[in-house]
Amino acid sequence: MLNRIFSNTNLILNDVTFQPGINIILGKYSGNKEALGINGIGKSSLVRLIDYALLSDSSQKIFSHEKYDFMRTENHDIVLEFTIQDKKYFIRRDFNTGSPVYFGEKLNSLDEYTKDEIRAILTDKFFPMSDNKVFFEGNRFRTLMNFFVKDDLSNQERIDPLNFMKKRSPSEVEKSLYNFYLLNLPTERLVYYQDMSKEYNDFGRSISTLEINLKTDTGRSIEEYRSEKINIENKIVLLEKSLSNFKFADNYKNIEENILVLTNKINSQLNEYHSLNKKLANIKEGYNLDTRINTKEIRKLYNETLSTFGDLVAKTLDEVISFKKDVIDNRNKFLVEKEKKLNKQIKLKLSEISKLEEERSKLYKGLEEKGALESITNTYEQLITEKSSLEKNVQVVQQIDDIQEKMTNLNVSISETQRDLLTELKNFENEINSLRALFLDLLTHAIFVDENFDNAYFNLSPKRKVRQRTLPFKIDVEIPKAEALGNARYKIVAYDLMVFLNNIQKQRKLPDFLIHDGVFHGISPTTLINSVNYMFHAFLKHSEKFPFQYILTFNENEIFVNEQYGSFNFDVNEYIKAEYQDTPEKMIFKRLIN
């Protein structure tokens, strides 16, 4: 949970302390005739400061604008205090680009980290891997944190309840993967499916590049070149035949024979050279043996089962790694010696080829001086050109064929995984039904009681038709009269609350706070009041075992409304944690930001 946000440099109007349950950040009218309006007074800025402390790139980009230069010239900082498993932590940041992040348990002795280092630490603290079926790989901290902290800008841009990633068009797989994780549904096969899809797309891009290169080199598409290849091969056969039938004059016979002998020697030496090169390549591949084992992660997993057992396992693994490293080092020493020997042989072979080429060049020059080669020079050049071009482009065609074969095999694996995903969803039907029931309960208590709920649902179901390389299921979120602006926006709120409360009820090791800034703009006052009341009673229900925080921003005219719209089941004033007004001295930064 979040405890408080403050500044050592007096950056903000007041320190803000948060409590379990509802927390309101309020924008208030001063009544001053010269006031410039209630927007831009600091509600969203407070949310962005929290997000900035939690390493948000979008908040960092906003605070890097020229209008916030005073933060740098006046050397301001911001500190976020939060609690995980009854332990207090602090994150302190200034606003200079590239500055380190300070983090630790004691405010006066925080350790210095880079952004990448602190992201890795916070990933383990906010999103620890506690389930081998519901997990996420890679740098997931900031993308997942975007679900728990939403400022008004991201809410205005968000039109899809499933897309909280601040990307306009994430892939279907990527979007499903993040939402499955947050919905506590198995992600293992989705991760596998994503990896295969990426590999398939990479193969497709490789083929496109090869086909473009072939078109540039030959002027023909891959299909056209397959046919043209036969004509080129026939042309080479005719050129070789005309050269083999060529007869030198008697006084050139001796030179011709010597050229043939040298040519055979050169070809033989080239074969040996290529063989040595191949052996050298194999040796270089032999260096690439990996000794790495993540002993830290293994120690952590085993220690969760039995204290010190993981340390013993890790110690044994370290000994294995050390032994393996010694073996590899000795092997590499042998390979180094072998490599030196081969390089020496290759160098000698190139020298021999060079000498033979030089001898043959002298003989050709002798023929040229006698005028004997003029008749066959063009034929030889043409033959070499045709053969080189054919060999190069045949390799391209072969590469394309090999990749297409891999894509065919990969398609089979993707189809099998599509089937497995549907089978797995059937096994989690009870969990999906619980989500459906929670979503409907939210709507029943939040929207007008006389609404028809036939068209209101959260659904995760198989697609009727599954195309190749697409997910075999769909996630639907719908509410009554969704075409109306207010209801369309509430669809996003309802989904967020369903996901958040489901994780609270399951006591998952995820953030126990949800920040909604500006999400209720355009939504009816009755729906707003009912929704906040719903979260208030949900907190009372769960507060003993698993309390949570719901942090919201409002303008006073959004929550202090006519009683005809309903009333809050608590005293709103007791839950206001920060209040900003439309005069500079009562704004968050105690000044007007243009």
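**Reading helix packing, strand pairing and burial**

Tutor: Let's start with a contact: Arg 119, Leu 122, Thr 123 and Phe 126 in α4 meet Phe 141, Arg 142 and Met 145 in α5. Contact here means heavy atoms within 4.5 Å. The model is predicted, so local features need pLDDT of at least 70 and side-chain atom pairs pLDDT 80 or more, while totals for chains, interfaces and linings use all residues. Residues are numbered from 1 along each chain as its sequence is written, and side-chain values use heavy atoms, without hydrogens and water.

Student: At what angle do α4 and α5 pack?

Tutor: Axes are lines fitted to C-alpha atoms, for helices over the stretch in contact, with angles from 0 to 180 degrees between N-to-C directions. For α4 and α5 the angle is about 50°, with the axes 10 Å apart. That makes α4 oblique to α5 (under 35 degrees is roughly parallel, over 145 roughly antiparallel, 65 to 115 roughly perpendicular, and the rest oblique).

Student: Is the crossing of α4 and α5 left-handed or right-handed?

Tutor: α4 passes α5 in a left-handed crossing. The near helix is then turned anticlockwise from the far one by less than a right angle; clockwise would be right-handed. Now turn to the other partner of α5: its crossing with α7 is right-handed.

Student: Which residues does α5 use to meet α7?

Tutor: Thr 143, Leu 144, Phe 147 and Phe 148 in α5 meet Tyr 178, Tyr 181 and Leu 182 in α7. By class, this contact of α5 with α7 has 6 nonpolar residues, 1 polar and no charged. Helix α7 covers residues 172-182, and the two helices pack at about 65° with axes 11 Å apart.

Student: How many residues of α5 are buried?

Tutor: In α5 (residues 141-148), 8 of 8 residues are buried, from Phe 141 and Arg 142 through to Phe 147 and Phe 148. Buried means under 20% relative accessible area, exposed over 50%, and partly exposed in between (1.4 Å probe, protein chains only). Over the protein chain, 45% of the 594 residues are buried.

Student: How do I read the sheet, and what is its strand order?

Tutor: Two strands pair if DSSP finds at least two bridges between them. Here you can trace an open sheet of 6 strands in the order β2-β1-β4-β5-β6-β7, with antiparallel pairing. Its edge strands, β2 (16-17) and β7 (111-113), each pair on one side only. Helix α4 (residues 115-126) packs on this sheet, where it touches β4, β5, β6 (101-104) and β7, and its direction makes about 35° with that of β6.

Student: Which residues can I follow across the strands, and what is the bridge partner of Arg 4 in β2?

Tutor: In β2, Arg 4 is partnered by Thr 17, and β1 and β2 are joined by 2 bridges. In β4, the bridge partner of Arg 4 is Glu 81, within a β1–β4 pairing of 4 bridges. Glu 81 in turn stands opposite Phe 90 in β5. Strands β4 (77-84) and β5 (87-94) share 8 bridges. As for cover, 4 of the 5 residues of β1 (2-6) are buried.

Student: Where do the element names come from, and how many helices and strands are there?

Tutor: They are DSSP runs numbered from the N terminus: helices (H or I) have at least four residues and strands (E) at least two. The protein chain has 17 helices and 13 strands.

Note on methods
Ala, Val, Leu, Ile, Met, Phe, Trp, Tyr, Cys and Pro count as nonpolar, Asp, Glu, Lys and Arg as charged, and the others, Gly among them, as polar.
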